[in-house]
Amino acid sequence: VEKIAVDTMLSNQVDGLILVPSSTKKHSHLTPKKLGNKPVVIIDRKLDTPRYTTITTGDEAAAEEAVLHAVENGHNYLGFLIAVPGIDGFTKTQPEIPITSVQERADGFATGVKVSKPKPKSVAWLYCEDTEEAANAAVTSLLDGPKPPSIIFTSNNDMLLAVLKVAGDRGIKIGKDLSVISFDDSPWAAAMVPGITVVARPVEDLGHLAVTELVSAIEGKPNHRQIVLPAHLIKRGSVAKLK
């Protein structure tokens, strides 16, 4: 699908492209030759061959900060729900993650667990197909485990919605009976009661900068840079204070 979309744009004789690649490694259709040497800006994730200007967000550091925030508030039983393309259902074993931003979130969560003081008593990891059915089943598995988490970290809003749905069906109150931190802010996350603590990514700034970089390249001033915009934790009421 990505290749078809790129070919369609090239057939329309665009002057340059802003791309969100679907895979870190499988991108033979994105070589300069295949793209007609058009100026290209990659956003949101990286390729394993840094041949273009790339603009991403600092997800790894922000994920670590999220874990430390939870531990500082007394959470000892942590659950992680990470959406991974290309898998069926959910698994406790980390699969190959084809998108660098997802890998960086997982790595940041893991670093947060490693450096937190005190160390959590229990940590549960689930890697999940990004579908409603799989996500609901994964959340159910976390909550019904022998050591259910007091807080669940989710890698995107789809996983967050699954937590909210399963918790709501069970009468579990967010920010009291179960805490949650998710990636990506949204108006509804801020408007909920309690509001959802999130790792906010500067997606508007990312988009504006991508256009600026592409226009500069089209005008003959290419600058192959690796730009990382900071993400930050927005603390709201979905993280209970247990100490």
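**Ground rules.** I am working with a predicted model, where local features need pLDDT of at least 70, side-chain atom pairs count only at pLDDT 80 or more, and totals for chains, interfaces and linings use all residues. Residues are numbered from 1 along each chain as its sequence is written, and side-chain values use heavy atoms, with hydrogens and water left out.

**Cis bonds.** I looked up the peptide bond from Lys 117 to Pro 118 and found it cis, with omega near 0°. Pro 118 sits in the loop between α3 (100-115) and β6 (122-128). For these labels, helices (H or I, at least four residues) and strands (E, at least two) are DSSP runs, numbered from the N terminus. Val 193 and Pro 194 are also joined by a cis peptide bond, with omega about -5°. Pro 194 belongs to the loop between α6 (187-191) and β9 (197-200).

**Pro 120.** I stayed in the loop between α3 and β6, where Pro 120 is found. Its relative accessibility is 16%, so Pro 120 counts as buried (buried is under 20% relative accessible area, exposed over 50%, partly exposed in between, with a 1.4 Å probe and protein chains only). Leaving out residues up to four places away in sequence, Pro 120 touches Val 71, Asn 76, Leu 78 and Val 113, contact meaning heavy atoms within 4.5 Å. Pro 120 and Leu 78 are 42 residues apart in sequence, yet their C-alpha atoms are 7.2 Å apart.

**Positive phi.** I noted Asp 44, not a glycine, with a positive phi of about 75°. Asp 44 is in the loop between β2 (40-43) and β3 (53-57). Asp 184 is not a glycine either and has a positive phi of about 80°; its loop runs between β8 (179-183) and α6. Asp 184 is buried at 18% relative accessibility, and Asp 44 is buried at 15%.

**Helix pair.** How do the axes of α2 (residues 59-72) and α3 cross? They come within 7 Å and cross at roughly 35°; axes are lines fitted to C-alpha atoms, for helices over the stretch in contact, and angles run from 0 to 180 degrees between N-to-C directions.

**Strand β9.** I checked both faces of β9: Thr 197 and Val 199 on one side are buried, and so are Val 198 and Ala 200 on the other. β8 and β9 run parallel and are joined by three bridges, where pairing requires DSSP to find at least two bridges between two strands. Val 198 in β9 is the bridge partner of Ser 182. β9 also pairs with β11 (residues 232-234), in the antiparallel sense over three bridges; there His 232 is the bridge partner of Ala 200.

**Charges.** My search of the whole structure gave 11 salt bridges (a side-chain nitrogen of Lys or Arg within 4 Å of a carboxyl oxygen of Asp or Glu). Arg 105 and Asp 59 form one of them, at 2.9 Å, N to O. This pair links helix α3, which holds Arg 105, to helix α2, which holds Asp 59, across 46 residues. Arg 105 is buried at 7% relative accessible area, and Asp 59 is buried at 0%. Asp 44 forms a salt bridge with Arg 45, the closest N and O atoms being 2.9 Å apart.
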